[in-house]
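Please look through the structure shown below.

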Amino acid sequence: MILSQINLCSDVLETRCTLNVLLPQRKPTNPQDNYQTTFRVLYLLHGYSDDQTAWQRWTSIERYVEGLNLAVLMPAGQNSFYTDMLHGGKYFTFLTEELPSIAHDLFPLSSDRADTFVAGLSMGGYGAFKLALSRPDLYAAAASLSGAVDIRALVREHQDPGNAAWLEKMQNIFGDLEKVSGSPHDLFALAQKVSETAIKPRLFQYCGTEDFLYRDNLRFRDFIRPLGFDYTYEETPGDHSWVHWDRMIQKVLGWLALK
């Protein structure tokens, strides 16, 4: 595998940002090989307070994708919940429009929806489902590991005077918190809308039974199961930690059936 760290200037974010990329290293047996092969793409999203290095630092993702003809793009999402923030960067637009355009200019990546996937943990799990459910035309599959899938509950549970700082952060991201339910930030509303269309992404959801987000994940599981998605849910004993995400990202790669 080739590891690249790309420092780029984003017009959408109006700043410089960093992208880590794992790219298969082709070994042509024919000297006349014209290198026209393209790679499938997995956008792999980090969690709250992490950055684009997290998956490489805490898992063996490079080893797990060896031989899969899969490029892994790990963008820096800051603490944006991968949305177009009210006060802050437009990370949803960056991830769905600008970044793919830049990445396809730099690397031999497939542009087919069937070859494009997104996954993440915690905040990144929310981001993965939000991207896929908002733009099912772009992503064939999405995986959420211990995801903050019920953003309504995440906001509601912190609406008290003792969490004023967190409340302010959420307002800066999502705007009026009283209007989050049913909005484009609400995965439940997005899933309901996509269920009524012909194009649905495959979905994989995991959460540990001791995870503080477990009840939120159960609510989303029970909501989406009757909606007609190709949907897989798994849970194991476990909390909100890398020991479980390292194991589960291997499951996700197997679930994608890339070989």
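How many aromatic pairs does a search of the whole structure find? The search returns 13 aromatic pairs; the coordinates searched are those of a predicted model. Such a pair of rings is described by two values, the distance of the centres and the angle of the planes. For Trp58 and Trp242 the centres are 6.5 Å apart and the planes are at 20°, so this pair is stacked; planes under 30 degrees apart count as stacked. Trp58 belongs to helix H1 (residues 54–58) and Trp242 to helix H9 (residues 242–255), so the pair links distant parts of the chain, 184 residues apart. The two partners can also be described by accessibility. Trp58 has a relative accessible area of 47% and is therefore partly exposed, while Trp242, at 14%, counts as buried.

Phe129 and Phe220 make up another aromatic pair, this one tilted, with 5.7 Å from centre to centre and 35° between the planes. Because Phe129 lies in helix H4 (residues 123–134) and Phe220 in helix H8 (residues 214–224), the pair ties together parts that are 91 residues apart in sequence. Are Phe129 and Phe220 buried or exposed? Both Phe129 and Phe220 are buried. Elsewhere, ring pairs join Tyr48, Phe81, Tyr126, Trp166 and Phe174 into a cluster.

Charged side chains also sit over rings. The charged end of Arg202 is placed over the ring of Trp255, 4.2 Å from its centre. Arg221 lies over the face of Tyr233, and here the distance to the ring centre is 5.1 Å.

The helices come next. In helix H7 (residues 187–195), the buried residues are Leu187, Phe188, Leu190, Ala191, Val194 and Ser195. These residues cover an arc of only 165° around the axis, so they are on the same side of H7. An α-helix has 3.6 residues a turn, so residues three or four places apart point the same way. The cover over the buried residues of H7 includes H4, helix H5 (151–156) and H8. At the start of H7, a side-chain oxygen of Asp186 comes to within 3.0 Å of the backbone nitrogen of Phe188.

H8 has its own set of buried residues: Tyr214, Asp216, Asn217, Leu218, Phe220, Arg221 and Ile224.

H9 has 14 residues, and from its first C-alpha to its last it reaches 19 Å, close to the 20 Å expected at 1.5 Å a residue. Which residues of H9 are buried? They are Trp242, His244, Trp245, Asp246, Met248, Ile249, Val252, Leu253 and Trp255. Just after H9, Ala257 takes a positive phi of about 55°.

The last stop is a strand. Ser10 is found in strand S1 (residues 2–10). At 1% relative accessibility, Ser10 is counted as buried, because the cut-off for buried is under 20%. The side chain of Ser10 reaches the backbone nitrogen of Leu13 at 2.9 Å. Leaving aside residues up to four places away in sequence, Ser10 touches Thr15, Cys17, Phe94 and Glu98.

Definitions and conventions. Residues are numbered from 1 along each chain as its sequence is written. This is a predicted model: local features need pLDDT of at least 70, side-chain atom pairs count only at pLDDT 80 or more; totals for chains, interfaces and linings use all residues. Side-chain values use heavy atoms; hydrogens and water are left out. Helices (H or I, at least four residues) and strands (E, at least two) are DSSP runs, numbered from the N terminus. Buried means under 20% relative accessible area, exposed over 50%, partly exposed in between (1.4 Å probe, protein chains only). A polar contact is a pair of N or O atoms within 3.5 Å; within protein, one must be able to donate a hydrogen and the other to accept it, and residues adjacent in sequence count only if both atoms are side-chain atoms. Contact means heavy atoms within 4.5 Å. Rings of Phe, Tyr and Trp (its six-membered ring) pair if their centres lie within 6.5 Å; planes under 30 degrees apart count as stacked, over 60 as edge-to-face and the rest as tilted. A charge sits over a ring if NZ of Lys or CZ of Arg is within 6 Å of the ring centre and within 35 degrees of the ring normal. The arc is that of the directions from the helix axis to the C-beta atoms. The expected span of a helix is 1.5 Å times one less than its number of residues.
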